[in-house]
Amino acid sequence: MSLVLDEHRQYLSDTIRLAAFRAAIQEVIKPGNVVIDLGAGTGILGLLACRAGATRVYSIESTGLIQLTREICQANGCSDRIQFINELSAQASLPELADVVVADQIGCFGFEAGLFEYFRDARQRFLKPDGITIPSRIDLVIAPIDSQQLRDQVEFWNTAPAEFDFRPVKAMAVNNSYPATFTPDQLLGDPAILASLDASDAPPSLLGLTATVTVSKPGTLHGIGGWFSATLSPSVTLTNSPLSENRIDRQNMFFPIDQPVPVVPGDRILITMSILPTDMVITWKVVVQSATGNVNKASFSHSTIQGMLLSKEALQKTKPDFIPTLTPRAEARRTVLELCTGKNTLAEIERETYRRHATLFRSLDEAAKFVTDVTTRNTL
Ligand SMILES: C[S@@+](CC[C@H](N)C(=O)[O-])C[C@H]1O[C@@H](n2cnc3c(N)ncnc32)[C@H](O)[C@@H]1O
């Protein structure tokens, strides 16, 4: 089963998402425009741009999917207007400046799929001074969540699964965020906009955000829910909000807290989030204040740093006084790269790598696979 194809089948099956992008593209793109489809996937946004009158589209796709993108665009009679670039956008270069860049690198919570970094780079290198980004703005939205089911996901590690003690995992589990699909009844109060960010103006390296929400119904606070609302064009918004009738088919994000807290209407929940966008590190602090007076009922502080799977050995390797040496496989990789002089054939490189690193590979075939892996990633 191809997970990649299945992912793109889902993108293309989401009629609300497609209708929003189609409407925004029609509103923004003018006949004669040069457009960048950043993270092209199947090429759908570039095809919509052609239909809206774009003269030229640069489809940038970093994976092998680009081959299919090409064939799909050809099948739709657009290949004369679309140029394909098989690179990460940060490594791509374009022969001209574009009028519009369009992408759906929004993720579940608005920032974790890299949109801001990609668009900042596009704004600096690819766009005309008055160029437009689709989306142009992303709101990060949060709300208090009551969900025993999500709580159970974290608590699972305390339940002696398979009759063994897995409690050491719990501390890590509560310091992770979880994809989830919230229903309106799980919201304990109205959502708040945590941040409203210009999509082409990458946020600072550390985003410190705060919001206060008031509980509107009795229940149990299990964590904070996050989602996004993206302005695609002046009249089109795209959202995965559980409260929207036009919610796209994309999960939300759940940030758990260590202990459930019973809440009543009028209780206030102070939420502080610190986000390191490029490192995808999020810290969330949650303080629950009682409706009567400003008494703190509970407070929690969690961070994905505590939820990272980092071994002691890996951490040791990040210390400035650590003296690194190459592993045997890295030595073999260096051999392959050194042999790529522009004169040796692949077969020669395979034989020589096998000869020099015979203890590493069980056969010439195994060495050949290793060499192909290195050369396809690193050579022209
Ligand atoms: C979320 S999918 C969207 C695909 C398509 N644009 C759509 O709307 O259906 C993102 C695609 O962009 C590619 N991608 C992600 N970041 C990229 C980058 N910085 N440069 C080029 N391709 C990227 C991924 O491999 C994936 O195929």
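Residues are numbered from 1 along each chain as its sequence is written, and side-chain values use heavy atoms, with hydrogens and water left out. Because the model is predicted, local features are given at a pLDDT of at least 70 and side-chain atom pairs at a pLDDT of 80 or more, whereas totals for chains, interfaces and linings use all residues.

The protein contains eleven helices and 15 strands, where helices (H or I, at least four residues) and strands (E, at least two) are DSSP runs numbered from the N terminus. Along its principal axes, the C-alpha trace spans about 80 × 60 × 40 Å. Of the 380 residues in the protein, 45% are buried, a class defined as under 20% relative accessible area, with exposed meaning over 50% and partly exposed lying in between (1.4 Å probe, protein chains only).

The ligand is surrounded by 19 residues, and the closest of these are Arg-17, Gly-39, Glu-61, Ser-89 and Gln-105; a residue is taken to be near a molecule if one of its heavy atoms lies within 4 Å of it. By class, this shell has eight nonpolar, seven polar and four charged residues, with Ala, Val, Leu, Ile, Met, Phe, Trp, Tyr, Cys and Pro counted as nonpolar, Asp, Glu, Lys and Arg as charged, and the others, Gly among them, as polar. A backbone N or O atom of Ser-89 is found 2.9 Å from a nitrogen atom of the ligand, and a polar side-chain atom of Gln-105 is placed 3.4 Å from an oxygen atom of the ligand. On its own the ligand has 600 Å² of accessible area, of which the protein covers 91%; such areas come from the Shrake-Rupley method with a 1.4 Å probe, and for residues only the protein chains shown count as cover.

The space taken by the ligand is the largest pocket. A pocket is an open set of points, on a 1 Å grid over the protein atoms alone, where a 1.4 Å probe fits and which has protein on both sides within 12 Å along at least five of seven lines, and a molecule sits in it if more than half of its atoms lie within 2 Å of its grid points. Two or more residues of the shell around the ligand are given by each of helix H1 (3–13) and helix H3 (44–51). Helix H3 is itself mostly covered, with seven of its eight residues buried, namely Ile-44, Leu-45, Gly-46, Leu-47, Leu-48, Ala-49 and Cys-50. H3 is followed by Gly-53, whose phi is positive, near 110°. Ile-29 belongs to the loop between helix H2 (15–28) and strand S1 (34–38), and it counts as buried because its relative accessibility is 3%.

Asp-258 is approached by two side chains through its backbone. The backbone nitrogen of Asp-258 lies 3.1 Å from a polar side-chain atom of His-302, and the backbone oxygen of Asp-258 lies 3.0 Å from a polar side-chain atom of Arg-151. His-302 is placed in strand S15 (residues 296–303) and is buried, at 4% relative accessibility, while Arg-151, in helix H6 (residues 148–155), is buried with a relative accessible area of 8%.

Most residues other than glycine have a negative phi, and most peptide bonds are trans. The peptide bond from Ile-134 to Pro-135 is cis, with omega near 0°, and Pro-135 lies in the loop between strand S5 (127–134) and strand S6 (137–145). In the loop between H6 and helix H7 (170–173), Ala-160 has a positive phi near 50° and is partly exposed at 40% relative accessibility. Glu-163, which lies in the loop between H6 and H7, has a positive phi of about 60° and counts as exposed at 77% relative accessibility.

Technical notes. Polar contact = N/O pair within 3.5 Å; in protein donor to acceptor, adjacent residues only side chain to side chain. 1 Å grid on protein atoms, 1.4 Å probe; cavity = no way out; pocket = protein on both sides within 12 Å on 5 of 7 lines; lining within 4 Å.
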